[in-house]
Amino acid sequence: MKTLSLPGTDITAPNVVLGAMRIADKTDAEVRELVATAREAGIDFIDHADVYGPTPHACERRFAEAMALTSSQRDALTLQTKCGIVPDGPYFDFSYEHIVDSVNGSLAALQTDYIDILLLHRPDALVEPDEVARAFDELQSAGKVRAFGVSNHTPMQIELLKRSVTQPIVANQLQLSMTHAPLIAQGLAANMAGEQQSVMLDGGVLDYCRLHDITVQAWSPFQAGFFTGVFLGSSEYPELNAVIDRLAAAHGVTPIAIATAWITRHPARMQVVLGTTTPQRVSDAAAGSDIPLTHSEWYELARAAGHRVP
């Protein structure tokens, strides 16, 4: 398992992350098996959010109850969680009160004294950067949160936060897969008149993150689109799956490892966030961390995924 240092922190993290979005209905044994499998593969980084599960903090609570971590076991993990989405309204809330209340709820649910990384979830159009800064300062000084980041944010949204926030923004969690890759694909068709792929819709967020030492965390790495189903093995992507299958055989891995490798091969040194609760899929996907796809293999996959490669 390849690792990377998160700039602005003392955290050394794997480039594949275990997401805990779907564990709310899992038994203690199932959660422990999932985490144990991840640990065996070199994954010691767990991604949570206060909205994961049927009720607030449900998945965080399920994780803590199942794992019953000792102090040393807790210290051996990097626990990341997110806040800002309020499903029943007001929908998005980056106010000082909500951020602090959410973190306190996450600490209680996770049965821990500190969160390693806190991400602001989908952007709040009503954000007051000074309130975010006040919350971050208080949480950091109290030892409740060690590092901060965002999710689904554009460069200018991050710049707005940085006007007040003094802590480094260490991560930006963004949707990315072979078939959902505007972060990358739009740059491949730059300045091509009439080519829709060339339209810059996110302000160049990938290059911005690279320039500012912000680690991109790729969520839904195997989804064809926005929760539209996986592309692996899908009859809608015959050309892509033919290439994936051929490369998987050549590298001695399963197709899901190739889908992981396409992201981890990128020089931005991204992390892949796994959403599966199937231990074998975790092991298979994690194998992609170390696959050194060649330039030609990477671009062949991009072309087969439907991206214009001039």
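Visitor: What do the buried residues of α11 pack against?
Guide: They pack against β3 (16-19), α1, α10 (255-264) and β12 (271-274). Buried means under 20% relative accessible area with a 1.4 Å probe, protein chains only. Helices (H or I, at least four residues) and strands (E, at least two) are DSSP runs, numbered from the N terminus.

Visitor: Which residues of α11 are buried?
Guide: In helix α11 (residues 279-286) they are Pro279, Val282, Ala285 and Ala286. Seen down the axis of α11, they fall within an arc of 130 degrees, so they line one face of the helix. The arc is taken from the directions from the helix axis to the C-beta atoms.

Visitor: What am I looking at, and how is it numbered?
Guide: A predicted model, in which local features need pLDDT of at least 70, side-chain atom pairs count only at pLDDT 80 or more, and totals for chains, interfaces and linings use all residues. Residues are numbered from 1 along each chain as its sequence is written, and side-chain values use heavy atoms, with hydrogens and water left out.

Visitor: New topic. How many aromatic pairs are there?
Guide: Three, where a pair means ring centres of Phe, Tyr or Trp (its six-membered ring) within 6.5 Å; planes under 30 degrees apart count as stacked, over 60 as edge-to-face and the rest as tilted. In one of them, Trp262 and Trp298 have ring centres 4.8 Å apart and planes at 5 degrees, so that pair is stacked.

Visitor: Where do those two sit in the chain?
Guide: Trp262 is in helix α10 and Trp298 in helix α12 (residues 295-304), 36 residues apart.

Methods:
Buried < 20%, exposed > 50% of the residue type's maximum accessible area, 1.4 Å probe, protein only. Contact = heavy atoms within 4.5 Å.
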